[in-house]
Amino acid sequence: MASSASPETAKTKIITGPGGYVLEDVPHLSDYIPDLPVYTNPLQDNPAYSVVKQYFVHVDDTVPQKIVVHKDSPRGVHFRRAGPRQKVYFHPDDVHACIVTCGGLCPGLNTVIREIVCGLYHMYGVKKVLGIDGGYRGFYAKNTVHLDPKVVNDIHKRGGTILGTSRGGHDTAKIVDSIQDRGINQVYIIGGDGTQRGASAIFEEVRKRGLKVSVVGIPKTIDNDVPVIDKSFGFDTAVEEAQRAINAAHVEAESFENGIGLVKLMGRYSGFIAMYATLASRDVDCCLIPESPFYLEGPGGLFEYIESRLKENGHMVLVIAEGAGQELLAESNTQKDASGNKLLQDVALWVSQRIKDHFSKERKMTINLKYIDPTYMIRAIPSNASDNVYCTLLAQSAVHGAMAGYTGYTSGLVNGRQTYIPFYRITEKQNQVVITDRMWARLLSSTNQPSFLHPKDIIEDKLDEEPATPLLDNGNCSPSCT
Ligand SMILES: Nc1ncnc2c1ncn2[C@@H]1O[C@H](COP(=O)(O)OP(=O)(O)O)[C@@H](O)[C@H]1O
Ligand SMILES: O=P(O)(O)OC[C@H]1O[C@](O)(COP(=O)(O)O)[C@@H](O)[C@@H]1O
Ligand SMILES: [Mg+2]
């Protein structure tokens, strides 16, 4: 299995072409293992696929990262298009794959597991697939489970992950020892930014040891904070499920004098769920997210706005992403979870208390505030129909890439096309709502809430910073753009 290892770490693979074309390519097993045998893709003889004209992806197919361009714009960054290749670098009988899920839960995890297993089995005839129990530490501290299409047949109807998950426990050397000892040669790692960092470390170690092992990431984040990709699986499901909590908050608020319904939604550093749930609902009067600092008292503050809404409308609905306004809370919390993520304080509970105190003590007004926290209920449901299809495409793309010998990549949707993205692009930053983009402006105009910003701040922001996310205007819009 091992061959001579190249000493240096994997460098970025940049290929340039005319007109400012740049391909940020992904590593391939043949980059560091010479003379690998190549096989004909078994899909060629598969009755389901062989009728599809041009089923195989052309070796030169790439997908642009930026699709809004001007006449003279350079062609810009591209990613390798995902999909089946005519030639594969693994004989199906030799494949020993494993799947691991890490980090927090997200709707769709079981669908991704199911489709990796079924993709390997039905498309390539791969029979040996292991499930790693309980996240990264499962590689060296827990049991494994055998996976085949029968075992995973109806798991997509269940929330959570049948493999279990965990935070912390990433020990690169022990994980790669376990991969080597078990003779695993395809590793499918489903998880968020932390997980993809771990996957990148595993890939580097595998490469250093010269192992013929494809290391593949599938991005999972309910917060939609993984960059580059259009959106993450489970995000649509989460936004949809959040409507139920917002509806409940609205019903409660409407039914009482000066009723305030307050809903907390997930979003540690990125407020996408809160923003999209607000935009979808039309019942929300104010949405608070981590990217947009707010304040409670004085002109332009939250209390003033709440009072005006209650006077005007008799009730109001507030949505708060859990990472919003953390800087306002009295004791700063320095505690971290096992993965090193900052533990958050319950901002929604704190805001609820402050609202109650303000109106009863200072304004002598009777209000009826109902605080709803549906966060884990949202995260634990199975994925909806469109996320199920999305998970299937992601999983199949991951499988095709590994079979074709690619490694060190995350499978992801870019401008509506499945691509292979090098790990460093996924881990270098987090996707956040850009509050100077048009999507946030749409939200402000639909809720009519204060921006909590002075016009001076906004202008300076606009001059200083390019929007962190692309501005797409053609209906091909992602949750991260306007
Ligand atoms: N920088 C890192 N290097 C290696 N492993 C990491 C790193 N950050 C996180 N991990 C591992 O990835 C797994 C999941 O990370 P976590 O941050 O909890 O969730 P998520 O992947 O959803 O962001 C954990 O097992 C953690 O130990
Ligand atoms: O309570 P846990 O399991 O640590 O998870 C809670 C956190 O995980 C998150 O869902 C983020 O996880 P992902 O973006 O990786 O899915 C946060 O919104 C939330 O704070
Ligand atoms: Mg994370």
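Author: Let's begin with a rule for sorting residues: Ala, Val, Leu, Ile, Met, Phe, Trp, Tyr, Cys and Pro count as nonpolar, Asp, Glu, Lys and Arg as charged, and the others, Gly among them, as polar. This is a predicted model, where local features need pLDDT of at least 70, side-chain atom pairs count only at pLDDT 80 or more, and totals for chains, interfaces and linings use all residues. Residues are numbered from 1 along each chain as its sequence is written, while chains are lettered from A and ligands numbered from 1 in the order in which they are written.

Reader: How do the residues of the shell around ligand 1 divide by class?

Author: A residue is near a molecule if its C-beta atom, placed from the backbone, lies within 6 Å of it. By that rule, 20 residues surround ligand 1, and the closest are Gly103, Gly192, Gly194, Gly198 and Ser339. They divide into 14 polar, 3 nonpolar and 3 charged residues.

Reader: Which helix gives the most to the shell around ligand 1?

Author: Helices (H or I, at least four residues) and strands (E, at least two) are DSSP runs, numbered from the N terminus. Here helix α5 (residues 193-208) gives the most, with 6 residues.

Reader: And how many residues surround ligand 2?

Author: Ligand 2 is surrounded by 13 residues, the closest being Gly104, Gly192, Thr221, Asp223 and Met266. By class, this shell has 5 charged, 5 polar and 3 nonpolar residues. At least three residues come from each of domain 1 (14-232 + 383-427) and domain 2 (235-381 + 434-463), with bounds from an automatic or database domain assignment.

Reader: What should I look for in a phi value?

Author: Most residues other than glycine have a negative phi. Asn258 has a positive phi, near 45°, and sits in the loop between α6 (235-255) and β12 (259-265). Arg282, also not a glycine, has a positive phi of about 70°; its place is the loop between α7 (272-281) and β13 (286-288).

Reader: Why does Asn258 count as partly exposed?

Author: A residue is buried if 20 or more other C-beta atoms lie within 10 Å of its own, exposed if 12 or fewer, and partly exposed in between, with C-beta atoms placed from the backbone. Asn258 counts as partly exposed because it has 19 C-beta neighbours inside 10 Å. Arg282 has 11, so Arg282 counts as exposed.

Reader: What describes two packed helices?

Author: The angle between their axes and the distance between the axes. Axes are lines fitted to C-alpha atoms, for helices over the stretch in contact, and angles run from 0 to 180 degrees between N-to-C directions. In this model, α6 and α7 pack at about 60°, with their axes 9 Å apart.
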